[in-house]
Amino acid sequence: MIEANTIYFDFDGTLHNTMKIYKSALDDGVKFLKNLGIEPKNLSPETYHTWLGYNAGEMWKKVLPDADDEIRKKVKILVGKKMQENLNEGKGTLYDGVDETLLELKKRNKTLVFLSNARTSYYETVKKVFKLEKYFDDFLTSEAFKEIPKEEIIKRTMKKYKRNYIVVGDRFFDIQGGIKNDLDTIFCNYGFGEKKEGKEASARIDDIRELLEIIE
């Protein structure tokens, strides 16, 4: 068991099966770039999942290292709009067990904090679509903190919430965010990160409902 009063939750890949809205959005982005004669680096349907968890600015700099900022900005906006369209059309879905798990944690008086490398516009859409206010006590996004790393966001905000703290996520950003603040971490094996990304986590889960057995 891990003692925790405040739980920082990643969203995409941890609570939200993001590929259901992400694949078609990136397909549109790749088509846009190819029409400009640009072949995006390391961006194919087989590798799409590896980019989930990065903030959009960092991702497109890595995918298009030689493109100018205007091209990166245009494709970032295009993909973001398509993801939001997909959400508004009901194509997004939370993983099985998310609703019951988060509500039970709330019943246990845990403080739940949404922590994502998402754009603010994306966060506002998922918040509305999935009615996230019923679960979370606070919402933190990368864009709202000028895209600083998750460990820095956690460091700046920890004192707002009740001790002890834990970080739950599916990518190395989440695990390192906890470790660098001397916090326990739980890695979601079912998400979009490679298994090695969770090698330093305090615990691993294959289903979100397992949190109810791990968190004291």
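**Packing of helices and strands around an open parallel sheet**

In this predicted model, helix α6 (residues 150–157) packs against helix α7 (residues 172–179) at an angle of about 40 degrees, with the axes 8 Å apart. Helices (H or I, at least four residues) and strands (E, at least two) are DSSP runs numbered from the N terminus; axes are lines fitted to C-alpha atoms, for helices over the stretch in contact, and angles run from 0 to 180 degrees between N-to-C directions. Residues are numbered from 1 along each chain as its sequence is written. Local features need pLDDT of at least 70 and side-chain atom pairs count only at pLDDT 80 or more, while totals for chains, interfaces and linings use all residues, and side-chain values use heavy atoms, with hydrogens and water left out.

The helices α6 and α7 are therefore oblique to each other (angles under 35 degrees count as roughly parallel, over 145 as roughly antiparallel, 65 to 115 as roughly perpendicular and the rest as oblique). The crossing of α6 past α7 is right-handed, that is, the near helix is turned clockwise from the far one by less than a right angle. From α6, Lys 150, Glu 151 and Ile 154 meet Phe 173, Asp 174, Gln 176, Gly 177 and Gly 178 of α7. These contact residues comprise 2 nonpolar, 3 polar and 3 charged (Ala, Val, Leu, Ile, Met, Phe, Trp, Tyr, Cys and Pro count as nonpolar, Asp, Glu, Lys and Arg as charged, and the others, Gly among them, as polar).

Within α7 lies Gly 177, which counts as buried because its relative accessibility is 0% (buried means under 20% relative accessible area, exposed over 50%, partly exposed in between, with a 1.4 Å probe and protein chains only). Leaving aside residues up to four places away in sequence, Gly 177 touches Glu 151, Ile 154 and Phe 172, contact meaning heavy atoms within 4.5 Å. Val 167 is 10 residues from Gly 177 in sequence, and the two are 7.7 Å apart in space, C-alpha to C-alpha.

The sheet is open, with 6 strands in the order β3-β2-β1-β4-β5-β6 and parallel pairing (two strands pair if DSSP finds at least two bridges between them). Its edge strands, β3 (138–141) and β6 (203–205), each pair on one side only. On average, neighbouring strands are turned by 20 degrees against each other, direction ignored.

Strand β1 (residues 6–9) pairs in the parallel sense with β4 over 4 bridges, and 4 bridges also join β1 to the parallel strand β2. Ile 7 has Ile 166 of β4 as its bridge partner, Tyr 8 has Val 167 of β4, and Phe 9 has Phe 114 of β2. Thr 6 and Tyr 8 point one way from β1, Ile 7 and Phe 9 the other way, and all are buried. Strand β4 (residues 165–169) also pairs with β5 in the parallel sense, over 4 bridges, and Ile 166 stands opposite Asp 184 in β5. Of the 5 residues of β5 (residues 184–188), 4 are buried.

Helix α6 lies across β1, β2 (111–116), β3 and β4, and runs at about 145 degrees to β2. Helix α7 lies across β4 and β5, at about 170 degrees to β5. In helix α5 (residues 120–129), Tyr 122, Tyr 123, Thr 125, Val 126 and Lys 127 are buried; their cover includes α1 (19–35), α3 (69–88), β2 and β3. Lys 131, which follows α5, has a positive phi near 50 degrees.
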